[in-house]
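Look at the structure, then read on.

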Amino acid sequence: MRKLQKQYDVVVIGGGPGGIPAALAASRNGAKVLLVEKNGYLGGNMTIGLPLLGYLDKDGKQVTAGIAQEFVDALKKYNASTDHYTCPMHNSVTLYDHEMFKIVAFEKCLEAGIDILLNTEIIDANVDNGHIQSVTLFGKGHQIEVEAKVFIDGTGDGDVGYLAGATYNMGQKDTGVLQPPTLMFTLGNVDTDKTIEYVAKNPDQMRLCDTIEVDYNVLNADYFRAHPDHHVLVGLRKLFLELKAKGELPIDRDTIIYIKSLVPGEVHMNCTRHLGIDGSNVLDLTRALIEAHLQIPKFVETLRKHVPGFENCYITRIFPTLGVRETRRFAGIRECTEEMILKGEIPEDTAALGSYIIDIHDGEGSGTIVKRVKPYGIPYGCTVSKDIDNLMLSGRCASLDAVVMSSARVMPTCMAIGEAAGVGAALSVKHNILPAQVNVQEVRDILRQANVILEPAE
């Protein structure tokens, strides 16, 4: 085995929606940055067929900008992104080309002077008295020990925090049950106009379960006809329940979720659901991935038989990474709680805004809980580990309770959290202090200068 040693100001582990903005913000503010990613490309969950949800609040006003908006603007130059379209269920939907995102991510990181290390994972953290001295990385027979002043966990599952021994929680408050993951896949030759005609003739197919606070009379065929460019359909519950009762539905879902691709006739499917899976456990991940690959062709055959518009569809892609909704959430010097977001609190130390719906997929069944919320503030302290003094947290592993995480886990919000963490890390290095000692108002000033929105529009 070859052994190498490296030294940086800031090391960001995880090159997805939490890690990329953290690395960019840290580098742009003067830090020498290494970005480490387990895949052979950047993007993480931004490359698995999902849309970008929640750039706008429930009133259609933008709450997420900064680096998250930069990516949309850059993709538009390649004709690879739509505008942000309002949506009665998801607040807003932005469709984009996932392959072009990978290219834009490389362009932006290289332009910022970030060192990138792909096909590499963290395997250990050398911690002394609550301080990470170095991390050990492994990839292709290379063991690399990297020292840094600040480490940012952008892995989603909190792998850095876990290996460093940081305090964390998992699961929903009363049950400890984790939201189930999904393996996204893409279908070609789908006639979505025909599906909408079916919905028009059968409007009760858009009636969702009682735990979803959306008026199905609004989310109907007329709505989809009027908004063809942001087409994300959640529905067909009546049909799915009938098929489930007959034993003809091979997935644990009560609705279809499809997202129109930018390619005509192509849709991304968010439908498999894997109960009892801990996405931070490699054995569970393996089981879910195998289960999903075996479910998908059976489900596609069900769609061909029963869903208008899908009669001649075929699989064009099964994405390589499982879409994990919930695993570890780490204790920070501040925590964002359900009570705070239900009130729409914007604390004075807010470093990112969230406004996406509370969206909890049932880890023991087929339903979903959806609640609308006003914009809320995520404090800077949510990105700073409570017990590892040079560890920062980005994305869904930040210091959020389970309900807040179900809202803040969408990619634009994760990017906003990451940008805040990156600025904090750079200031920690610049002033030779710990992340917890950074002046939050200085963080906020830098974020504002970078076009980050910290207060909702009046």
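Q: What makes L50, P51, T94, L95, Y96, H98, I259, K260, S261, L262 and H268 the lining of the second largest cavity?
A: Lining residues have an atom within 4 Å of a point of the space, and a cavity is a set of points on a 1 Å grid over the protein atoms alone where a 1.4 Å probe fits but cannot get out. These residues line the second largest cavity, so they meet that 4 Å limit. The model is predicted: local features need pLDDT of at least 70, side-chain atom pairs count only at pLDDT 80 or more, and totals for chains, interfaces and linings use all residues. Residues are numbered from 1 along each chain as its sequence is written, and side-chain values use heavy atoms, with hydrogens and water left out.

Q: What does the volume of the second largest cavity stand for?
A: The value is about 40 Å³. A volume is the space filled by probe spheres set on the grid points, which are joined across faces, edges and corners.

Q: How is the lining of the second largest cavity divided by class?
A: It has 6 nonpolar, 4 polar and 1 charged residues. Ala, Val, Leu, Ile, Met, Phe, Trp, Tyr, Cys and Pro count as nonpolar, Asp, Glu, Lys and Arg as charged, and the others, Gly among them, as polar. K260 is one of the lining residues, and Lys counts as charged.

Q: Which classes make up the lining of the largest cavity?
A: That lining has 7 nonpolar, 2 polar and 1 charged residues.

Note on methods. 1 Å grid on protein atoms, 1.4 Å probe; cavity = no way out; pocket = protein on both sides within 12 Å on 5 of 7 lines; lining within 4 Å.
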